[in-house]
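These are my notebook entries on one structure. I wrote down what I looked up, one topic at a time.

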Amino acid sequence: MEFKMVLVFCLLLLTTLKTVVEACEQQGIPSTNDGTCSRDTCINRDVDNEPEDKHNNYKVDADSKETDKNNEDVSIEEGIVDEDEQEGVLEFRDYEFQPLARIIPGKVGDVEEIELEEGKFYKRITRSVNPPIFEIPNYLSVMECNMIISAALYAGLETSAVVGHDINEERNQASHLSEMSRVSEQTWLSSDTMPKTLWRRLVNRLSKLTQLPVEHLEVSEQMQVVSYVSGGHYHAHIDSTDTTDKLHLPCCAQTPECLEVDISTEGFEECCRICRYMTVLYYLSDVEEGGETAFPLADMPDDLFEEKFKDREFQSWHDLSNFCYNASVVVKPKRGTAIMWYNHLLDENGYLGHVDMRSNHGGCDIIKGNKWIANNWIAGTSFRDRNKPSMIY
Ligand code: OGA
Ligand code: FE2
């Protein structure tokens, strides 16, 4: 009986894999992920204008100037895009960040009906007000979840890393998995590593969900797909840069050369800051037991928050292997559900403000089964940098 089930599962997996490969081939899509990625950040690329030798084009001197066809000086700082880029010349997207849209939460537990596709309504449930956290059941179809997982397997998974942590060192030191900050595997997907029609459908739906323009999402990061097995987890963290003393650094999305630096080294932290205005996280699988997403500080009153926050160095709330259920918001993974929240506050101009420490969150231990998620990190930028080229491909 069990053997039969394994056989059926393998067959199912092979069929989906084949579909993805065929879909890629039909569209002339290279199926491996060779984007501008480090293990923790990954920038989208304009696949339609991709030059032959991509890697040459990523070597950038941020201060250099290029000359356009009319022989006018075009500063990279100004972010001018030349549609007919010659080989070896940089390409920039000229998307200028607008003030950032923000969904106003209702009361905890409020359910709103939202139309994300014509005639198709979804429930948006407020899970927390501070920061706004929403849960959207059945956001992805079973087919979409399976296609994303298949594309991720096809792209190939690697061990997940954490900014500022040396995961290999952690593994050597740890006497138990729970001592490691993150235990999972991951990969990155973009419009060239998943079927184009799926990618387009997801971007359009995401634009409706977040009320941010499609162009904004296209200059944000690629989709990160993460796989956890038993014992896997991700202790509490914030998805963006947490220190206010780094405001002088540019957003990583605007300094592609930073992505060449290993994220676990000091070089990375000195190079740029991660500006992830929002996170939209999708559960691609159910989990038999465990694997919840927990927000230990969400909606916490100021006095308690201050007290807890000081306690970070001394353990407890950020350790989601042992203290998952102490968190104020705990979301149970369910295939197709999306959760979204804001990692940053807005500044007085409506651009990226300080990081919101109450957005601390993570993935609790998988007790039984496997867990697949995907993250869409949506970039934001400060008022000062809003006109800078948002991304490089
Ligand atoms: C992440 C994350 C939570 C989860 O990948 O950044 O916070 O539930 N994951 O896996
Ligand atoms: Fe996270």
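**Entry 1: strand β11.** I began with β11, residues 223-228, and found 6 of its 6 residues buried. I call a residue buried if 20 or more other C-beta atoms lie within 10 Å of its own, exposed if 12 or fewer, and partly exposed in between, with C-beta atoms placed from the backbone. Helices (H or I, at least four residues) and strands (E, at least two) are DSSP runs, numbered from the N terminus. The model is predicted: local features need pLDDT of at least 70 and side-chain atom pairs count only at pLDDT 80 or more, while totals for chains, interfaces and linings use all residues. Residues are numbered from 1 along each chain as its sequence is written, and chains are lettered from A and ligands numbered from 1 in the order in which they are written.

In a regular strand the side chains alternate between the two faces of the sheet.

**Entry 2: partners of β11.** I count two strands as paired if DSSP finds at least two bridges between them. β10 (residues 185-189) runs antiparallel to β11, with 5 bridges joining them. In that pair, Leu189 has Met223 as its bridge partner. β22 (residues 371-379) is also antiparallel to β11, over 6 bridges.

**Entry 3: ligand 1.** Which residues are around ligand 1? I listed Val226, Tyr234, Asp239, Thr293, His361, Gly362, Gly363, Ile373 and Asn375 (C-beta atom, placed from the backbone, within 6 Å of the ligand). β20 (361-363) and β22 are the elements that give two or more residues to this shell. The largest share, 3 residues, comes from β20. By kind, the shell has 3 nonpolar, 5 polar and 1 charged. For this count Ala, Val, Leu, Ile, Met, Phe, Trp, Tyr, Cys and Pro are nonpolar, Asp, Glu, Lys and Arg are charged, and the others, Gly among them, are polar.

**Entry 4: the sheet that holds β20.** I traced an open sheet of 5 strands with antiparallel pairing, in the order β9-β12-β20-β15-β16. β9 (182-183) and β16 (329-331) are at the edges with a single partner strand each, so one side of each has no neighbour in the sheet. β15 (residues 293-295) is joined to β20 by 2 bridges, and Ala294 has Gly362 as its bridge partner there.

**Entry 5: the largest nonpolar core.** A nonpolar core is a set of buried Ala, Val, Leu, Ile, Met, Phe, Trp, Tyr and Cys residues joined through C-beta atoms within 7 Å. The largest one has 70 residues, and Ile148, Leu189, Tyr282, Leu284 and Ala338 touch the most other members. Helix α3 (residues 142-155) gives the most to this core, with 7 residues. I then looked up the contacts of Leu189 (C-beta atoms, placed from the backbone, within 7 Å). Leaving aside neighbours within four places in sequence, they include Ile148, Ala151, Ala152 and Ala155, as well as Met223 and Val225.

**Entry 6: helix α3.** The buried residues of α3 include Ile148, Ala151, Ala152 and Ala155. Gly156 follows α3 and has a positive phi, near 100°.

**Entry 7: Phe134.** I found Phe134 in β7 (residues 133-136). Phe134 counts as buried because it has 23 C-beta neighbours inside 10 Å. Phe134 and Ala338 are 204 residues apart in sequence but 8.2 Å apart in space, C-alpha to C-alpha.

Definitions and conventions: Two residues are in contact if their C-beta atoms, placed from the backbone, lie within 7 Å.
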